[in-house]
Amino acid sequence: MAPKTATSSLRDLPKVDALVGHPDAAGLVAAYGRALVTTEIRAEIELLRHRIREGNGGDVRAEAVIAATRSRLERLHTPNQCRVINATGVILHTSLGRAPLAPSVMAAAARQSAQYSLLELDRESGKRSDRDKLVADLVCRVTGAEAATVVNNNAAATMIILNTMAEGREVVCSRAHMVEIGGSYRMPDVMRKAACHLVEIGTTNKTRAADYEQAITDRTAMLLKVHTSNYAIVGFTEMASLEELVEVGRRRKVPVVYDLGAGSLVDLKPFGITREPSVPELIRQGADLVCFSGDKLFGGPQAGIIVGRKDLVAAVKKNALFRMMRCDKVTLSLLEHTLRLYLDPARALEEVPTLNLISRSAAECARAARAICARLKKRGIAAETRESRSQIGGGSTPGDDLPTTVVVIKSLGGTPDAAARRLRMGTPSVFCRIEEDSLVFDPRTVLQGQIMELVSAITAQRK
Ligand SMILES: *Cc1c(COP(=O)(O)O)cnc(C)c1O
């Protein structure tokens with residue numbers, strides 16, 4: 001039968017029931033269920049009816065309508081998230097999901113979360129317990145802090161600390177720390193929302209301990225230090241150290257709080273990252289509270305981890321906001337298993353992906369780059385290697401970058417922008433950098449086992 005197009009009339013439209021029962025639709029019904037298939041067939045017929053009325057016709061044969069329905073169902077079931085290979089060299093890429101999680105951690109959390117769990121139950125007494133218990137002791141153990149709690153992210157952690165300790169009172173903070181993290185997260189706005197009064201001190205480039213001390217009044221609730229993790233002020237600068245603030249705070253009986261942001265638990269100086277203080281270091285130096293993100297350098301799920309003095313942590317947990325910010329069982333499980341990797345720092349460096357990528361040596365990156373290059377050449381793609389730098393990203397460690405060797409492809413066909421788009425749209429989706437009209441791939445952020453996939457993905461997008 002010839003396709004009825006322009007001449008189709010409403011009378012030619014097949015019946016929904018006939019289509020659902022059609023042999024061509026049997027596979028769809030088995031895969032997607034009768035109800036959904038019926039809904040989508042109805043929608044497709046509605047579309048055809050509209051087209052016919054508009055005089056645009058349409059293919060009304062049963063086979064054609066079912067084929068169109070199949071496309072609808074496939075689109076509906078295509079995951080919005082696809083696998084991504086990050087060859088940008090930015091380790092904590094916020095748009096690409098920040099910290100990749102350790103496979104062993106994911107597996108353990110998946111096993112636990114698919115079943116009932118001991119989220120808030122003490123099995124010895126059979127009584128209700130505190131969900132924080134699942135992770136707090138481990139956090140204390142690996143940070144050296146006296147007490148700990150967790151909320152949904154570090155922005156929430158900052159907010160609840162400010163609101164708990166300083167509602168209606170003053171927070172002394174340097175002008176150099178009036179940071180914007182991204183989006184609408186600006187320190188002065190957060191202070192307003194937390195109902196605290198910001199007392200700005202010092203200048204953008206210089207703030208001394210004496211500036212903090214002079215600003216202290218009987219309304220002062222805390223001295224706040226914010227890690228300027230997404231930019232660096234260099235040149236004629238001076239910033240009171242945490243130790244100096246702690247000295248002032250102790251003497252004047254004002255708590256010192258540090259919004260650390262990135263929050264590494266291990267010392268990253270051996271890898272050339274010098275401006276990122278570690279959480280244990282800050283606790284040792286006497287910070288009363290420190291908060292940091294779970295999905296930045298820590299390498300776990302999105303969370304805000306609060307550590308420090310027992311009385312202050314207890315007060316945070318009593319705040320009514322706490323309930324709105326508490327973590328779910330999946331996050332807590334991911335945190336627990338990530339924390340356990342840190343019990344042995346050598347194991348953390350190996351198994352926590354962010355740390356593993358940071359600790360890859362320049363020589364390892366160079367070897368990977370040469371391997372990628374050689375494989376591309378075998379497939380007829382001209383590529384070369386060049387020394388470059390990888391970034392930590394995620395608003396951490398500005399100016400601290402790591403030596404690497406990148407793979408440079410001058411042309412993959414079309415403009416570099418068009419080629420980068422093809423790579424992004426492929427499966428898996430590949431992200432690289434464009435520099436001087438070339439595509440640049442940094443193997444530092446290409447995870448274990450992804451190198452061959454990267455080579456295939458690049459080859460597939462050659463034009
Ligand atoms: C990243 C960051 C935040 C926000 O943390 P999230 O976990 O993304 O909410 C807050 N403060 C500082 C200093 C940061 O670097």
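Here are a few notes on one helix and some charged pairs in this predicted model.

1. Some ground rules. Residues are numbered from 1 along each chain as its sequence is written, and side-chain values use heavy atoms, with hydrogens and water left out. Because the model is predicted, local features need pLDDT of at least 70 and side-chain atom pairs count only at pLDDT 80 or more, while totals for chains, interfaces and linings use all residues.

2. Start with helix α10, residues 242-252 (helices are DSSP runs of H or I, at least four residues; strands are runs of E, at least two; both are numbered from the N terminus). L242, L245, V246, V248 and G249 are buried here (under 20% relative accessible area; exposed is over 50%, partly exposed in between; 1.4 Å probe, protein chains only). Down the axis of α10, the buried residues fall within an arc of 165°, so they line one face of the helix (the arc is that of the directions from the helix axis to the C-beta atoms).

3. What comes after α10? That's K253, with a positive phi near 60°.

4. Now the salt bridges (a side-chain nitrogen of Lys or Arg within 4 Å of a carboxyl oxygen of Asp or Glu): the count is 30. E213 pairs with R251, their closest N and O atoms 2.8 Å apart. This pair links distant parts of the chain, with E213 in helix α9 and R251 in helix α10, 38 residues apart.

5. R192 and D189 form a salt bridge too, at 2.5 Å between the closest N and O atoms. Both sit in helix α8, three residues apart, about one turn of the helix. R192 is exposed at 59%, whereas D189 is partly exposed at 28%.
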